[in-house]
Amino acid sequence: MSDEIQVFDMEQRTFAPPADFAGAALANDRSLYEEAEADFEAFWARQARELLTWNTDFDTTLEWDLPYAKWFLGGKLNMTYNCLDRHVEAGKGDKVAYHWEGEPGDKRTITYQDLLTEVCKFANVLKSKGLEKGDRVAVYMPMIPELPITMLACARIGVAHSVIFGGFSPDAITDRCEDADAKMIITADAGYRRGAPSMLKPNVDAALVDGAPTVSDVIVVNRCDTEVEMVEGRDHWWHELMADASADCPAEPMDSEQLLYLLYTSGTTAKPKGIMHTTGGYLTQVAFTHKYIFDLKPDTDVYWCAADIGWVTGHSYIVYGPLTNGCTSVMYEGTPDTPGRDRLWDIAERYGVTQLYTAPTAIRTFMKWGTEEVEKHDLSSLRVLGTVGEPINPEAWMWYHEHIGGSARPIVDTWWQTETGGHMITPMPGVTATKPGSACSTIPGVFAEVVDGDGNKVDEGGGFLTIVKPWPSMLRGIWGDDERYRETYWAKYGDRYFAGDGAKIDSDGYLWLLGRVDDVMNVSGHRISTAEIESALVDHPAVAEAAVVGAADEVTGQAIIGYVILMGTATASDELREEIRQHVSKKLGPTSRPKSVFLVDDLPKTRSGKIMRRLLKDVAEGRGLGDTTTLADASVVAAIAEGAKEASED
Ligand code: WTA
């Protein structure tokens, strides 16, 4: 089989940056790109010096010992001085850092001064429990202000945090704590989700029954006032420790390469990897992209990244980027359908949100709920719309553009990964003419190429996405597993970072992400990306969401099997299934027509919203269900398996 990925006709609509937007944008020409192309190290050195405050200037911009990069060596800085103290010193202590809103409707307004005080106090609490620079702690919390406070308190004293998403099971907590030798877990009794407390502390207790022997303390925030067991000597209430803590905790300068955090990738397949990020380079790229990709005007903007801090998107674009840039953010605890399906639009209207950053899966859910929910609210304050997490199909892009953006706001489709730390491929809103479904091009200072299986550059067509030069916020390795770091990202091409994603490049040089390479099917010798078939399925007016897998097939090697959720307005029937199959055929050609289309009520997703195609493949190939621990709702697959048995194939 050749390594080439089949490429279909590409979306041809283009949208130039709106003239009024571009006129007032921070960047509206190609000068940043040109500067970075001429000398990318000098470009990043300038950004590091302009965007951050250093206690000691660096002397070496980049040390590249393939595949290990170190940035800004010799430089010393404190992460939280950059996020907090310097804004307070500049007279902005009263500026709102977070407009926080709990799911039940409770609100907290947290200024930069408030945040600094709380961070210093909690840093002193951590010290009083014996934590020192270089230690690791696990954080398992809901979306409450104590979560960023915890992360920043760790960063202030050089303790690396490992945030574990609140939806994960006790096993996931044990594994991550053991891998990192975490000394402490910071958690809460529970967090609000869909109108009721969703318990957290009992999962920590279960995780510690026989596992994670290095964890000697657990600190618990009382969020929901539920009954939890407190283990004498091990468990402590946050509010009790904070009551006596001093707010005096100097920001100690740290090496640029001080470990900032570990973040375990959610692991839809193998054992999770502890992705390592450090301080100076990470903060430089995150601050740069947060500023330019969202066209940030910190004096007037109210920025909102509606992700969960449990994922890298929240680390970089709810905590570190926005705070470094001194902007006001919205932070929301709960789900978008509680108490009503207009919750997001209600929040956006009330706070006058200017930038909204969300995921394609959320956008498709909003599409399914219908435009009435959106139309209840005035969204005219929005200036930039962002998306991240998976390829956005042109249908969802157009819906976002028309119904949320009033056909007048730039969309930034940002491609990046936990491993890349910050944005890598995305339009710049005042500069780039966008095409729906394309993440467009690399940011200034990042260089990508699409290559074939042998590593030959593809100038137009499909292949694999690689990054050809080190970038400041790149992962520094996998915690405790150098071999796996080399093998996962560097073995395939030697001197290029292999992202694990398929991509195509069009005649204008625009990049189109095709999803994980593991999600490429081989149908009669053609390599076809599941993302493209899914996009064609969702293009049918009755289809709200779709997932595609390749199931073993005697004739064609693999056969395309589609799982489809219908729009609320459509009625399931065999005719409709057939019509949907033919629709794909019409759009992409007969090789791409799914062999079967199943109409389902829900799709199996990880907690971060990624479809777990592996499980659908198990169902399609008639296997039992494997490991479903990372699923948001495990009953979904059982229901699909049940339905698959009943449905007839053609
Ligand atoms: C996918 C999330 C297409 C991709 C920040 C990547 C995307 C993986 C996009 C990383 C996008 C993320 N277009 N695909 N704009 N953004 N992806 O580590 O497959 O949770 O490799 O980081 O998500 O997911 P992660």
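Two strands count as paired if DSSP finds at least two bridges between them. Keep that in mind for the opening stop. The model is predicted.

**Stop one: the hairpin**

Select residues 60-65, which make up strand E1. Two residues separate the strands, and together E1 and E2 form a hairpin. Now pick Trp 64.

**Stop two: the ligand shell**

The shell holds 16 residues. The closest are Asp 413, Thr 414, Thr 418, Asp 501 and Arg 516. Colour the shell by residue class: six are nonpolar, five polar and five charged.

Go to Asp 413. An N or O atom in the Asp 413 side chain sits 2.7 Å from a nitrogen atom of the ligand. Next, show the backbone of Pro 391. One of its N or O atoms is 3.3 Å from a ligand nitrogen. Then move to Trp 415, where a backbone N or O atom lies 3.5 Å from a nitrogen atom of the ligand.

How much of the ligand's accessible area does the protein cover? On its own the ligand has 530 Å², and the protein covers 91% of that.

**Last stop: the surrounding elements**

Select helix H11 (312-324), strand E20 (411-414) and strand E24 (511-516). These are the elements that each give two or more residues to the shell around the ligand.

Conventions. Residues are numbered from 1 along each chain as its sequence is written. This is a predicted model: local features need pLDDT of at least 70, side-chain atom pairs count only at pLDDT 80 or more; totals for chains, interfaces and linings use all residues. Side-chain values use heavy atoms; hydrogens and water are left out. Helices (H or I, at least four residues) and strands (E, at least two) are DSSP runs, numbered from the N terminus. A residue is near a molecule or strand if one of its heavy atoms lies within 4 Å of it. A polar contact is a pair of N or O atoms within 3.5 Å; within protein, one must be able to donate a hydrogen and the other to accept it, and residues adjacent in sequence count only if both atoms are side-chain atoms. Accessible areas come from the Shrake-Rupley method with a 1.4 Å probe; for residues, only the protein chains shown count as cover. Ala, Val, Leu, Ile, Met, Phe, Trp, Tyr, Cys and Pro count as nonpolar, Asp, Glu, Lys and Arg as charged, and the others, Gly among them, as polar.
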